[in-house]
Amino acid sequence: MQTNQYLILFLGGLLLLGLIAFFLGRSKAARVRASGQAMYAQPDQYAWFTVVATAGPALLVGAVGAFLMLLVGAEIPTAYLLAVSLAFAAIGAAVGIRCVRPDFHAREAIERVIRWLLVSAALISIFTTFGILFSIVFEALRFFQMHNFWEFITGTVWNPGASFLAAAGRADDASSAAQFGSVPLFAGTFMITAIAMLVAIPIGLLAAIYMAEFAPQRVRTLAKPTLEVLAGIPTVVYGFFAAITVAPIIVNIAGFFGLDASFNNAVAPGVVMGIMIIPFISSLSDDVINSVPDSMRQGSLALGMTKGETIRDVVIPAALPGIISASLLAVSRALGETMIVVMAAGMRPNLTANPLEDMTTVTVRIVAALTGDLEFESAETLSAFALGLVLFAVTLSLNLVSVLMIRRFRAKYRVNNL
C-alpha cells in the first residue's frame, strides 16, 4: 500500500475518532449539567476539548516521526508510524472524555492550547529565519576559505570564470585566477534600487495622500483596487515591458540630448521596478494616513491652518513612521528583484556611475551561479551564498536603521505634542 493511501486512512481514522470524542464529551457534559451540578464551561467547550485531546497527541507523534525520518534518516515504516499515532489519538480521546467533570476548566484548557499554537507559529517563523541564516552562513564560510573575505567585499572585478578559461588555454597568466570582487554587483543593485525608489516613493506617497484626503468615495472605490492590480502583475511581464518599451524610450531620450545609452541600461529596469513597487507604498501609506485620528485634523483646521498645511504639518508627521516602514518594505522588494534586471539591464558586472550603461545585481548573479552546470563545491557556486549573506546583512542593517529612525521620530513627535 502506498504512502498516500496510508495517509488517507490515517486522516479518516483521526476524523472518526475526533467525531466520536466530540459527541461522547458533549453528551457526558450535558448529563452532568442536567444532574444539577455547576460546571465551569459549556458542553460544546468540553466537546471541543476532547477533540483537541484526541488530535493533539496523534499529530505530535506523526510530526516527530516525520522529523526523524526526513532529517535524522531513521527508518520507520509509514504504516507503523500512523498506527501508533492513531493509538495515541484513542488514548487522548479516552483521557479527554475522562476530564469532562464539573471542576475541570475546559475553556481555559482550550485557550491554553490556542496560546501554545500561536507561540509555536511565532517560533516557527523565528526558527525558519535562523535556519535560512545558518544555511547561508555555513556555505559562505566554505567560500571564504577559498577566497579572501576582504577582497570579496572591496574587489572591483567580478570574473569567476577566468580560472576555467585558463584551464582551457583561453586566458593568459594575468587573468588565470578567478576574481570575486562584489563591488560591481552591489553598485548595480543599489543604483537600480535607488532609481526605483525615486519613482515609487513620490508617486506612491502622493497617490496615498490624494486617495486618503482628497478623493471622493466613488473615485477611491475605483482607483485603489485599480492601483493595487499593479502588485499582481507577474514580474516577467514587467521585464518584457522594460526591455521592449521603456529601454528604447530611454535610448531615444538620451540620444536627443546627445548621450550614448545602451539598450541594456539601469534606468529602464529601475523605472519599471518603481512602477511595480508603487502599490506597496501607496496602499500601506494610505492605510497609515487613514489611521491618523480625525481630531488632529479638526484641531489643526480650528487653529486656522489650511487643509494643505494640515496634511503637511500634522497628518504626514503623524503617519511618518508607517510611511518609513512602507518605504523600507519597498526597498527590500527592490533589492530582491531578479527577472526585470535580467531582461532589461543584462548580466554583465559593470562598475560605473553612469545609469545609461548595462549592469547587473546581486540576485541575478546568485541565480546564475546556482543554475549553471558547475559542481556545487566550486567557488563560483559557493559565491552565491557569500553574496546572499552580504545581501542579508545589508537588508538587516536597513531594517535596524529604519527601526531607530522610527523610534527617534516617535519620541520627538511625542515631545513636540506635549
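This is a predicted model: local features need pLDDT of at least 70, side-chain atom pairs count only at pLDDT 80 or more; totals for chains, interfaces and linings use all residues.
## Serine 402 and helix H15

Serine 402 is buried, with a relative accessible area of 9% (buried means under 20% relative accessible area, exposed over 50%, and partly exposed in between, using a 1.4 Å probe and protein chains only). This serine sits in helix H15, residues 379-417; helices here are DSSP runs of H or I with at least four residues, strands are runs of E with at least two, and both are numbered from the N terminus.

Residues are numbered from 1 along each chain as its sequence is written, and side-chain values use heavy atoms, leaving out hydrogens and water.

The average pLDDT (the predictor's confidence in each residue, from 0 to 100) is 83 for the protein, and 91% of the residues score at least 70. Confidence is highest in helix H7 (residues 183-214), at 91, and lowest in helix H6 (residues 162-167), at a mean of 49.

## The largest pocket

The largest pocket holds about 310 Å³ of space. On a 1 Å grid over the protein atoms alone, a pocket is an open set of points with protein on both sides within 12 Å along at least five of seven lines, where a cavity would be a set in which a 1.4 Å probe fits but cannot get out; lining residues have an atom within 4 Å of a point. Grid points are joined across faces, edges and corners, and the volume is the space filled by probe spheres set on them.

Among the lining residues are Val52, Leu59, Leu60, Ile110, Ile114 and Ser120. Helix H2 (43-72) and helix H4 (106-146) are the elements that give two or more residues to this lining. By class, the lining has eight nonpolar residues, two polar and no charged; Ala, Val, Leu, Ile, Met, Phe, Trp, Tyr, Cys and Pro count as nonpolar, Asp, Glu, Lys and Arg as charged, and the others, Gly among them, as polar.

H4 has 41 residues and reaches 60 Å from its first C-alpha to its last, close to the 60 Å expected at 1.5 Å a residue (the expected span is 1.5 Å times one less than the number of residues). Its buried residues include Ile110, Glu139 and Phe143. Isoleucine 136, also in H4, is buried at a relative accessible area of 15%.

In helix H2 we find proline 43, which counts as buried at 15% relative accessibility.

## Bent helices

Which residue marks the bend in H12? H12 bends by about 55 degrees at leucine 320, with proline 321 following within four residues; the bend is the angle between axes fitted to the seven residues ending at a residue and the seven starting there. The end C-alpha atoms of this 29-residue helix (residues 307-335) are only 36 Å apart, short of the 42 Å that a straight helix would reach.

Helix H10 (residues 267-290) has a kink of about 40 degrees at isoleucine 277, shortly before proline 279. Even so, its 24 residues reach 33 Å, close to the expected 34 Å. Of those 24 residues, 17 are buried, so H10 is largely enclosed by the rest of the structure.
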